[in-house]
Amino acid sequence: QVQLVESGGGSVQAGGSLRLSCAASRDTLDNYAIGWFRQAPGEVREGGSCISRGDGHTIYADSVKGRFTISRDNAKNTMYLKMHSLTPEDTSVYHCAAYYYCAGFSPTLWGVGTQVNVSS
């Protein structure tokens with residue numbers, strides 16, 4: 001099965017931007033619906049995003065829509081999450097994930113995550 005490893009997390013001030021990367025191995029990303037979710041300690045999973053296999057259609061949770069953009073580069077077997085206009089509420093652990101399907105943001109496999117801290 002595919003293995004996913006996130007990178008690019010760190011600390012940023014409110015209003016700033018950050019780009020996260022996710023490198024896949026053992027399988028190719030174009031075999032899956034892929035995306036991201038975040039989960040802060042003690043909180044539920046939320047902030048999902050997903051890009052469909054094939055046609056590249058994307059969906060976003062309301063909390064990130066308009067500020068975050070998901071993309072993938074099949075040649076590099078890598079996916080990205082561009083984050084803009086960050087707020088302290090975006091502080092979380094961000095995981096890239098493979099999904100059976102985008103609807104419902106139901107991850108089947110995910111990486112260990114990368115920490116994003118947004119300060120006021």
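Modeller: Gladly. A disulfide is a pair of cysteine sulfur atoms within 2.5 Å. With -75° about the S-S bond, the link of Cys50 and Cys102 is left-handed. Please keep in mind that this is a predicted model, where local features need pLDDT of at least 70, side-chain atom pairs count only at pLDDT 80 or more, and totals for chains, interfaces and linings use all residues. Residues are numbered from 1 along each chain as its sequence is written, and side-chain values use heavy atoms, with hydrogens and water left out.

Colleague: What makes Cys50 and Cys102 a disulfide?

Modeller: Their sulfur atoms are 2.2 Å apart, and the cut-off is within 2.5 Å, so the pair counts as a disulfide. Cys50 lies in strand β5 (residues 46-51) and Cys102 in the loop between β9 and β10 (107-110), so the link ties together parts that are 52 residues apart in sequence. Strands here are DSSP runs of E, at least two residues long, numbered from the N terminus.

Colleague: Why is the disulfide of Cys22 and Cys96 called right-handed?

Modeller: The torsion about its S-S bond is about 60°, so this disulfide is right-handed. The sulfur atoms of Cys22 and Cys96 are 2.1 Å apart. Cys22 sits in strand β3 (residues 18-25) and Cys96 in strand β9 (residues 92-99), so parts 74 residues apart in sequence are tied together.

Colleague: Why is the pair of Phe37 and Trp110 called edge-to-face?

Modeller: Rings of Phe, Tyr and Trp (its six-membered ring) pair if their centres lie within 6.5 Å; planes under 30 degrees apart count as stacked, over 60 as edge-to-face and the rest as tilted. The centres of Phe37 and Trp110 are 6.0 Å apart and their planes stand at 80°, so this pair is edge-to-face.

Colleague: What makes the pair of Phe68 and Tyr94 tilted?

Modeller: Their centres are 6.4 Å apart and their planes are at 50°, so the pair is tilted.

Colleague: How do you know whether Phe37 is buried or exposed?

Modeller: Buried means under 20% relative accessible area, exposed over 50%, partly exposed in between (1.4 Å probe, protein chains only). Phe37 has 5%, so Phe37 is buried, whereas Trp110, at 47%, counts as partly exposed.

Colleague: And what sits over the ring of Phe37?

Modeller: The charged end of Arg45 does, 5.6 Å from the ring centre. The rule asks for NZ of Lys or CZ of Arg within 6 Å of the ring centre and within 35 degrees of the ring normal.

Key:
Helices (H or I, at least four residues) and strands (E, at least two) are DSSP runs, numbered from the N terminus.
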